[in-house]
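Please read the points below with the model open.

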Amino acid sequence: MRFSRMHLPTLKEVPSEAEVISHRLMLRAGMIRRLAAGIYSYLPLGLLALRNVEEIIRQEMNRAGAQEVLLPAVQPAELWQESERWDFYGKELLRIRDRHQRDYCFGPTHEEVITDLIRHEVRSYRQLPLNLYQIQTKFRDEIRPRFGLMRGREFIMKDAYSFDVDDAAAGLSYQAMRDAYTRIFSRCGLNFRAVEADSGAIGGSFSHEFVVLADSGEDAVASCQSCDYAANVEKAESQFIAVRVTPPDPAVAAPLEVATPDCESIEAVAAFFGVTPDATIKSIIFESDLGFCMVIVPGDREVNEIKVKTALGAEWLEILAPARVADELGLPVGYLGPLNVSIPLLVDRQVPQLGEIICGANRAGFHLQGVYWGRDFRSSQIADLVQVRAGDFCPRCGSLLQIDRGIEVGHIFKLGTKYSEKLKATFLDQEGQERLLVMGCYGIGVGRTVAAAIEQNYDENGICFPYAIAPFKVALLNLDLKSEEVTAYCESLYLELQNRGISVIYDDRNERPGVKFKDADLIGVPLRLTLGRKGYKRGVLEARRRRGSINEELPLDDWAPLWSLLAELAADD
């Protein structure tokens, strides 16, 4: 492509709307433009990068035995009502109505549609296993879209769905997809981890996220420094080490109530009593489909809502608003405690190990000192409820865990029979018995993968694209358009690069060299080739690797070193 003919509106200034590096650079490099909150147009350069990621995905999905389909984006409400997700999915589901007043949604995902398709197509075990995938636009009405393509409302996603005869076969399909995802993200040149994760609104029994490590990531990932254990902090566990607890003084029969004015936070309470936060407990009231519950965790730890939901076996869960805590339960937020409350207690497994505890007295302005588990309060519901933190012990090997930030680019799920049971998707086994299909689903955020690659690959001058997904592999810069010899050489090299299938942008603009250099760096082309009158007279072509800013001189009369250099760049990524 000739730069003079390409719509490539680069920007010198950082747009005010941009919050993270990828958003800034994609706007500055002329890759995307905002249409509405969380909705972006892809410009030619952005679409080229997107298509490169899609091609890698297609190659690896096909290699793994999956077959590509294209499913409708608009889905009838009846399917979602049949799966019981029409109401459960919440406000992220974009609901629409046609001229006949029939309800539809714009698909955020396609479990219902694919299951409906397969229940009408698959009859026998002989048609299994089956894995179908698509690359298509989705819409999720995020409450707070931000970070450009990282947290958009409309986005391009690869989603695949596997169907098997039993759990063992489904496990093989799951592993095949995990291996395919590893190859995909490796080929995209990303530094990533596959981590255990919560299944969220998709559901299922087990899932892994593929997370690109980046400081700007929204997700926190816990990983072991010694073994391969890694998990999203929503799912991560730590090794529980029991300690011997000093029993309460038999001469002290009950806790002491102490006036603690203006002490509504753990930090304020700890400072008032002159103790560290781990000598206190937090009491948080949740509401779920099962009713109210008070969750008790150590004062120095954060509650993990996903673990609370799992421990309760709840369909939905949220922290009860302070006004409702007072109005409906008669309790003062900021002074809550587990003694003498009428709702069930769910207690973190570390609480019985704390010994003497300070907690709220359930009376505004007062706390209790000298509280003990077992003597003053107890519960039969004890579980791991806290979010892991750096320095906790690995649940597998006991080494220390570390916490890194990351960007989720892919997620794979073991769905089991969740959707096949709801939608009655069955097949006949070898004995002629009707059985439910066992499913898995596998998603990749295509645009988010491009953005994540930029978050990992940039410098002060712009993007440093990995070779495999770079929109152009080579930028050819003609620094002397008035020289017939220089221009003729550049034209011949431009044609040869195209003939060899190497994507190249030829900067034939009547611009100063500095402008051309800056634009080539900004858009992240892995190799910049420059020729001017001086270089032509010396018989050399200047080559500059974008990553590392390494300069080399290549002979004009022998292109073999150039082909070797390009092969080296491709192999390095």
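1. The structure is a predicted model, and the remarks below are to be read accordingly.

2. The backbone deserves a look at one peptide bond. Most residues other than glycine have a negative phi, and most peptide bonds are trans. Against that background, the bond between L128 and P129 is cis, with omega at about 0 degrees. P129 belongs to the loop that runs between α4 (111–121) and β7 (130–139).

3. F147 is a residue other than glycine with a positive phi, near 65 degrees. Its place is the loop between β7 and β8 (154–164). F147 has a relative accessible area of 17%, and therefore counts as buried, the cut-off being under 20%.

4. K424 likewise has a positive phi without being glycine; the value is near 55 degrees. K424 sits in the loop between α9 (418–422) and β22 (426–428). Is K424 buried or exposed? With a relative accessible area of 63%, K424 is exposed, because the cut-off for that class is over 50%.

5. Two packed helices are described by the angle between their axes and the distance between the axes. For helix α2 (residues 44–63) and helix α10 (residues 446–456), the axes come within 9 Å and cross at roughly 110 degrees. The two helices are therefore roughly perpendicular, as angles of 65 to 115 degrees are classed in this way. The crossing of α2 past α10 is right-handed.

6. Which residues form the contact of α2 with α10? From α2 come A49, L50, V53, E54 and I57, and they meet V446, G447, T449 and V450 of α10. Sorted by class, this contact has six nonpolar, two polar and one charged residues.

7. Side chains of opposite charge can pair when their charged atoms come close. The count of salt bridges in the model is 42. One of them joins the side chains of R396 and E196, with an N to O distance of 2.7 Å. R396 lies in the loop between β20 (382–383) and β21 (401–416), while E196 is in strand β9 (residues 192–196), so the pair ties together parts that are 200 residues apart in sequence. E196 counts as buried, at 15% relative accessibility.

8. A further salt bridge is formed by R324 and E287, whose closest N and O atoms are 2.6 Å apart. This pair links distant parts of the chain, with R324 in helix α8 (residues 322–329) and E287 in strand β14 (residues 281–288), 37 residues apart. How do the two partners stand in accessibility, and what are the values for R324 and E287? R324 is partly exposed, at 28% relative accessibility, whereas E287 is buried, at 15%.

9. The side chains of R528 and D521 also meet in a salt bridge, at 3.7 Å from N to O. Both R528 and D521 are buried.

10. Finally, a network of salt bridges links R51, E54, R58 and E68.

Key: Residues numbered from 1 in each chain as written. Predicted model: local features only at pLDDT ≥ 70, side-chain atom pairs only at ≥ 80, totals over all residues. Heavy atoms only, no water. Helix = DSSP H or I, 4+ residues; strand = E, 2+ residues; numbered from the N terminus. Buried < 20%, exposed > 50% of the residue type's maximum accessible area, 1.4 Å probe, protein only. Axes fitted to C-alpha atoms, helices over the stretch in contact; angles between N-to-C directions. Parallel < 35°, antiparallel > 145°, perpendicular 65-115°, else oblique. Left-handed = near helix turned anticlockwise from the far one by under 90°. Contact = heavy atoms within 4.5 Å. Nonpolar A, V, L, I, M, F, W, Y, C, P; charged D, E, K, R; others polar. Salt bridge = Lys/Arg side-chain N within 4 Å of Asp/Glu carboxyl O.
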